[in-house]
Amino acid sequence: MDLSKPSVARMYDHLLGGTDNYQVDRDACAELLRLAPSTRELALVNRAFLVRAVRYLAQEHGVRRFLDHGSGLPTRPNVHQVAQEIDPTSEVVYIDNDPVVLAHGELMLAEDPTTTAVLDADMRDTVGIFSSRPAQRLLRDAKPVAALFVSVLHCIPDKDDPWRLVRNVVEQLPRGSYLVISQLVSDDAELRKNITDFMREITGNSWGRVRSKREVERFFEGLDLLEEPELVEVSRWRPDSDLAPRQRSEEWIEYGGVARIR
């Protein structure tokens, strides 16, 4: 575990008010907040979207199986806790390769090892993920699975083709499954470049980039959007109330939605 450079997962934990982070992560967040002052609210908005999307799929569409790509550090309520409020038999496979995330994941498994698994894998390794025992268990009888890519695809560089990654996952899932995506976007080309350059520098080039709305819309091509006719800034996707988290400014946003796979 290299503590000389920030971790995206630990930075996100700090922005959400967590304690599983280090000074190097907090310093990086301070610079990120200088570049984009709404970043802390953006993280809260995105987390709330994840919770709403999981609850919606479990409650309204009867989804009982979730595959969470780039899950990050556990933050209550976690995906399995939200889903299991609806049905205690709901199953979740978390995918990550950050050592801190995996260590916490082992602790989380103690809560319910029969319905929750943490897979040590790079989310780009679709073949390895879907051939693993935990993923095979989710696919055992072709019931719908919800694949989550919540605030992680901007970590994938263009050379690794995140659009092809999503298509590969979609092709592995049973018909009638679901896809949940949010991604960092900005209409400001200079801001996109500045934040992308900063994140690549502090992570040793282990990052993708902030993208445009049109680039995120490509992830959903050929799928049926649910609840909204188009992608939205995620605080506007089925908000719980007018008191739900909002950004004070929108120099960048989390843009996404929920779709059904035909």
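Which residues of helix H8 (residues 162–172) are buried? In this predicted model, local features need pLDDT of at least 70 and side-chain atom pairs count only at pLDDT 80 or more, while totals for chains, interfaces and linings use all residues. Residues are numbered from 1 along each chain as its sequence is written, and side-chain values use heavy atoms, with hydrogens and water left out.

The buried residues of H8 are Pro162, Trp163, Leu165, Val166, Val169 and Val170. They lie on the same side of H8, because they cover an arc of only 160° around the axis. Buried means under 20% relative accessible area, exposed over 50%, and partly exposed in between (1.4 Å probe, protein chains only). Helices (H or I, at least four residues) and strands (E, at least two) are DSSP runs, numbered from the N terminus. The arc is that of the directions from the helix axis to the C-beta atoms. Strands E1 (65–69), E4 (146–150) and E5 (178–185) pack against the buried residues of H8, as do helices H6 (126–131) and H10 (213–217); contact means heavy atoms within 4.5 Å.

Strand E8 (residues 253–260) has 7 of its 8 residues buried. Two strands pair if DSSP finds at least two bridges between them. E8 pairs with E5 in the antiparallel sense over 8 bridges, and Leu184 stands opposite Glu254 in E8. Strand E6 (residues 224–225) is joined to E8 by 2 bridges and runs antiparallel to it, with Leu225 opposite Ala259. Strand E7 (residues 232–233) is likewise antiparallel to E8, with 2 bridges; here Val232 has Gly256 as its bridge partner.

Thr75 is found in the loop between E1 and helix H4 (79–86). Thr75 counts as buried because its relative accessibility is 18%. Apart from neighbours within four places in sequence, Thr75 is in contact with Leu16 and Arg47.

The largest pocket holds about 1100 Å³ of space. Of the 50 residues that line this pocket, Ser7, Val8, Ala9, Cys155 and Ser206 are the closest to its centre. Two or more lining residues come from each of helix H1 (8–15), helix H3 (39–60), strand E2 (91–96), helix H5 (99–109) and helix H9 (189–202). On a 1 Å grid over the protein atoms alone, a pocket is an open set of points where a 1.4 Å probe fits, with protein on both sides within 12 Å along at least five of seven lines; lining residues have an atom within 4 Å of a point.

How values were computed: Points joined across faces, edges and corners; volume = space filled by probe spheres on them.
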